[in-house]
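Please look over the model below with the following points in mind.

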Amino acid sequence: MSATRRAAVLGSPIAHSLSPVLHRAAYAELGLEDWAYDRFEVDEAALPGFLEKLGPEWAGLSLTMPLKRAVIPLLDEISATADSVEAVNTVVLTSDGRRLGDNTDIPGMVAALRERGVRQVERASVLGAGATASSALAALSRICTGEVTAYVRSAARADEMRGWGERLGVTVRTAAWEDAAEAFEAPLTIATTPAGTTDALAAAVPDRPGTLFDVLYEPWPTALATAWADRGGAVVGGLDLLVHQAVLQVEQMTGRSPAPLAAMRKAGEVALAAR
């Protein structure tokens, strides 16, 4: 049977993306046999042409780097959440031809923490200062009642994080990366850095840590996540984030709610184990 409704993930590189696994698992669980979800290698230069070629069968797109900001001028409307961090990871294509942008990473972070019982904290730490760090600040604007300390490698990055804090209504204090072990004194630490960056910090995890949200999902577990769990701390991983943000995408694109969180997570776990 040929698909009557289509969706896909776009980015460059894209071969590693788990989005097809998660979305297809959702379609199977929801009985959406006439839906298809694919992946396409698309960079910033190719994005306008790709969007123009989409027909009425297209319901939505998931976007990864480097398209999350590049897509914004090509949309008819973006949500307040996406605007707050100037990043769109979800495009819903309406029946009347409109392109609506949203960011499900931020509520996905909040939902992943809530699933582990973290609904509100009085302070938090963020490791790193890239694009994911700004999403982390946006998530913390919803659950952190006090100061957020961002551990960064340069004065320029420190300025960026303080700027995002002002924009998002979060009190951000910056500190040098050399002092990153102090991050673990907070009840919640969000690690947003690339693979291997926090490995050297694993030995600094305290005896009674709070909650670690490490946004990586491959390789997993990270050295930091392993040390954290060994000391009895709660760990939220990148797959948790990936699944929760994908749940929200499925709901927006298909109009079906709730999306099957458990089936999507299981599919992601199986796919990662097979790599």
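1. L54 sits in the loop that links α2 (47–52) to β3 (58–63). Helices here are DSSP runs of H or I with at least four residues, strands are runs of E with at least two, and both are numbered from the N terminus. Apart from neighbours within four places in sequence, L54 is in contact with L61 and L93, where contact means heavy atoms within 4.5 Å. L54 and V243 lie 189 residues apart in sequence, and their C-alpha atoms are 26 Å apart in space.

2. On the source: this is a predicted model, in which local features need pLDDT of at least 70 and side-chain atom pairs count only at pLDDT 80 or more, while totals for chains, interfaces and linings use all residues. Residues are numbered from 1 along each chain as its sequence is written, and side-chain values use heavy atoms, with hydrogens and water left out.

3. The sheet is open and has 6 strands in the order β9-β8-β7-β10-β11-β12, with parallel pairing. Two strands count as paired if DSSP finds at least two bridges between them. At the edges are β9 (172–176) and β12 (234–236), each of which pairs on one side only. Direction ignored, neighbouring strands of this sheet are turned by 20° against each other on average.

4. Within the sheet, β7 (residues 124–127) and β8 (residues 148–152) run parallel and are joined by 4 bridges. The bridge partner of L127 in β8 is Y151. Two helices pack on the sheet. α6 touches β7, β8, β9 and β10 (188–191), and its direction makes about 170° with that of β7. α7 (residues 155–168) touches β7, β8 and β9, and its direction makes about 165° with that of β9. Such angles run from 0 to 180 degrees between N-to-C directions, the axes being lines fitted to C-alpha atoms, for helices over the stretch in contact.

5. T149 belongs to β8. Is T149 buried or exposed? T149 counts as buried because its relative accessibility is 7%; the cut-offs are under 20% relative accessible area for buried, over 50% for exposed and partly exposed in between, with a 1.4 Å probe and protein chains only. Leaving aside neighbours within four places in sequence, T149 is in contact with A124, S125, V126, R173 and A175.

6. α5 is mostly covered, with 8 of its 11 residues buried. These are D105, I106, G108, M109, V110, A111, A112 and L113. Just after α5, G117 has a positive phi of about 90°.

7. The axes of α5 (residues 105–115) and α6 (residues 131–143) come within 8 Å and cross at roughly 60°. The two helices are therefore oblique to each other; under 35 degrees is roughly parallel, over 145 roughly antiparallel, 65 to 115 roughly perpendicular, and the rest oblique. On the α5 side the contact is made by I106, P107, M109, V110 and L113, and on the α6 side by T132, S135, A136, A138, A139, R142 and I143.

8. α5 also meets α9 (residues 238–254): their axes come within 8 Å and cross at roughly 120°. α5 and α9 are therefore oblique to each other. The residues D105, P107, G108, M109, A111, A112 and E115 of α5 meet D240, L241, H244, Q245 and L248 of α9.
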